[in-house]
Amino acid sequence: MRWLTGWCPGTALPVVGAVRPLAAVTLWTGPSPLWAVGDWRPDEIRLVTLRPGASATVTTGPPGAEAADEASDQPGTVRLAVLGRCGASDQELAAGLATARGGAVRHLTTWPGSYTVVIRTGPRSTVLLTDLAGVLPVFHTPWAGGTAYATAALPLADLVGAPLDTGHLAARLACPESPEAIGSGSPYLGVQRVAPGHLLGVRNGRAHVSAYEPEPGGAPFEREEAPAVRELTRALLESVRCRVRAPGSGTDRPRLGVDLSYGTASATVALLAAAVPIAPGPRVARDEPPELPARTGAVKGSWARPDHRQPTGPETLTAVTVRESAESPAATVAELPRLRHLVLPTTLPYAELADPGAEPPAGPLTDEPGTALVAAARIGGRLSAGGADHLTGYGARQVLDGHPARLADLVRAGRARRLAAPVAALTGAERAAATGVLGTLRTPLTVWRAAHRLARARYAEALDDAAVRLTVRHGPAGRSLGEVSAAELAWCVPGPAARWLSDDALSAVALRLRLAARSPAPAEPPGARRARHALHRHAAEYRTLLHAAEQRGQRLHAPFLDNQVVRAARMLPVETRLQPGARHALLRAVLTGASRTDLPPDWGLAARPDRQGPDRDGLRLAADGLAELFRAPLLAEAGLIDLPAVRAALAEATGPSAEPSPGTVAGLAELVSTELWLRRILARRHGSCWTGLPAPDRPALARPA
């Protein structure tokens, strides 16, 4: 795990000078120091210094001792730290800092890549910017009479000795996409999270949070389809190029890899990456052909044409796929000239629990819980076979697809006549399976009515209604596809694990919703708001995946979650994103704009493999381990779950011929991953990320209040 941390204490306590993070690199000192901790590459740390009367200086890599210890800056000196993969040139960084000195900061988030920006405009004034998706969050907490901040929550919990916040965990399980329930908290009591698209300013020890990005609301952001697609093509190309053209990491593995296990999105990233010429570099220490590794399923022919070959230099791309993805769109690109294709055997989720005698606390310690914990072995196997820089298609669905709740935005905007095709797309599967005319007609009508109901719903009444539905356990079990689609058309929707929470936990979350209902209604339309927070949830899951499965020296990249790609996708008209097959059509248009005009006619139209098949198989094979995990779970000790109901659901889902619903599979993954995370966190009760502090003594779990 890589993180940044620093503080601006309000008092000059003697203990402050002795405290510092373990194994840290000092980026700057003084009253408001900044450190980088973890496995950072030299080219991922870029520092810019601008002094009065002088031009800006840009340095790459950790600063030397003299630069790090320079605490006597001239008045008016401004510093900028950009950490991560950033495609800006040194000149762009210098110009960006000069503009930011006047107070404007949004332009610092418009460069290609995924990175964290920190600005110091004075000895006791620091600003940190989050990203738009939520992959790179910022946390803060009161400390030493001032404020400490970090890009991870666990180090701050260690710093102040914060206990676990079980009320926050209950909200995450009950309403994972509802900011009204989750608020600005974290799993650690007193450690606050800065929302995506916001900045944290710390001046003289006092923290304030404000938005640097306006909330997406529809018309002001949307463009005509053609220019919006051109902007999406440009943004995605730049995001991929800044990864492919980055210098090598020096690890004993192929430098570049792509993951072809996620259909058209990952295949699109692979095609764009394979079209970028790679400068010659040092050969990797392997007896393998210098290629770009690609992980995918069985290959059925090649459609690459000789005139599409690019100069390869000494290396290519490794393409990785698992066997169950053999029929995905990735199979059509796996034999491109610059791809070295690797097909991996399938590893099931819950593999770590298949042995009931194993110790559950063993495994990666992540900053927050997430369902990636039940699939760490499955995902880690693909990553370990990939390149030092491994490009994926994560996030494409959430960034490009239209959320069902956006139907209500069309109604509110007076475009209700545009609903026919989107409603047909949402309910087509049930109409195809319907056995009678009544079922065929009822489902579209249900979704249509739900869209109009959400468009007319008042915010306060909607949250009060959600609180009632939560406490009476209205969940997705047993619903038809049309009813599930209609349930998504609401301001607040319970998560898949909500049905197994205890009465006390549900009541605590319902109280949060009722209190939020007394706040002013957001100006953002309900569909745009639901879509944005669905993206935030997915980005948080992706961040947990990085912590759980990324190898040392390796980077997992998700270009679709970059700021500039997210902004470009917001320009797409809502009607375009809600059409049947919209994501595949958009990706085809992106590839056409990038001169890939030889795509097969059925690109993205073939039937996709059952994505939840491995999850169901993994549940069955890990039945004994799961039963042992929930013999005396910490979730029950904290009063978060109805243990008999959870055990009954596990027994039903892990039976030899069980076919649990998608909601059941997703809900159990939430519970199991949270239980694993709790055990791993409490197993390190006396561990710490800091030196110079007394040993922490965190109290046991407390019930949610």
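## A sheet and some charged pairs

Let's start with one spot: Thr49 stands opposite Arg79 in strand E7. Strands here are DSSP runs of E with at least two residues, helices are runs of H or I with at least four, and both are numbered from the N terminus. What you're looking at is a predicted model, where local features need pLDDT of at least 70, side-chain atom pairs count only at pLDDT 80 or more, and totals for chains, interfaces and linings use all residues. Residues are numbered from 1 along each chain as its sequence is written, and side-chain values use heavy atoms, with hydrogens and water left out.

**The sheet**

E7 belongs to an open sheet of seven strands, ordered E6-E5-E7-E8-E9-E13-E14 with antiparallel pairing. Two strands pair if DSSP finds at least two bridges between them. At the edges sit E6 (57-60) and E14 (206-211), each pairing on one side only.

Six bridges join E7 (residues 78-86) to E5 (residues 45-50); here Val48 stands opposite Leu80. Eight bridges join E7 to E8, where Gly84 has Tyr115 as its bridge partner. E7 is mostly covered, with nine of its nine residues buried (buried is under 20% relative accessible area, exposed is over 50%, and partly exposed is in between, using a 1.4 Å probe and protein chains only).

**Charged pairs**

Now for the salt bridges, meaning a side-chain nitrogen of Lys or Arg within 4 Å of a carboxyl oxygen of Asp or Glu. By this rule there are 34 of them, including these:

| Pair | Closest N to O |
|---|---|
| Arg529 and Glu180 | 3.1 Å |

Arg616 counts as buried because its relative accessibility is 13%, while Glu659, at 59%, counts as exposed. In the last pair, Arg631 is exposed at 55% and Glu628 is partly exposed at 36%. There's also a network of salt bridges linking Arg172, Arg193, Asp367, Glu368 and Arg543.

**A charge without a partner**

Which side chain of opposite charge is nearest to the buried Asp165? That's Arg512, 4.5 Å away, and Asp165 has no salt bridge (Lys and Arg count as positive, Asp and Glu as negative; His and the chain ends are not counted). Asp165 is found in the loop between helix H4 (153-160) and helix H5 (166-174).
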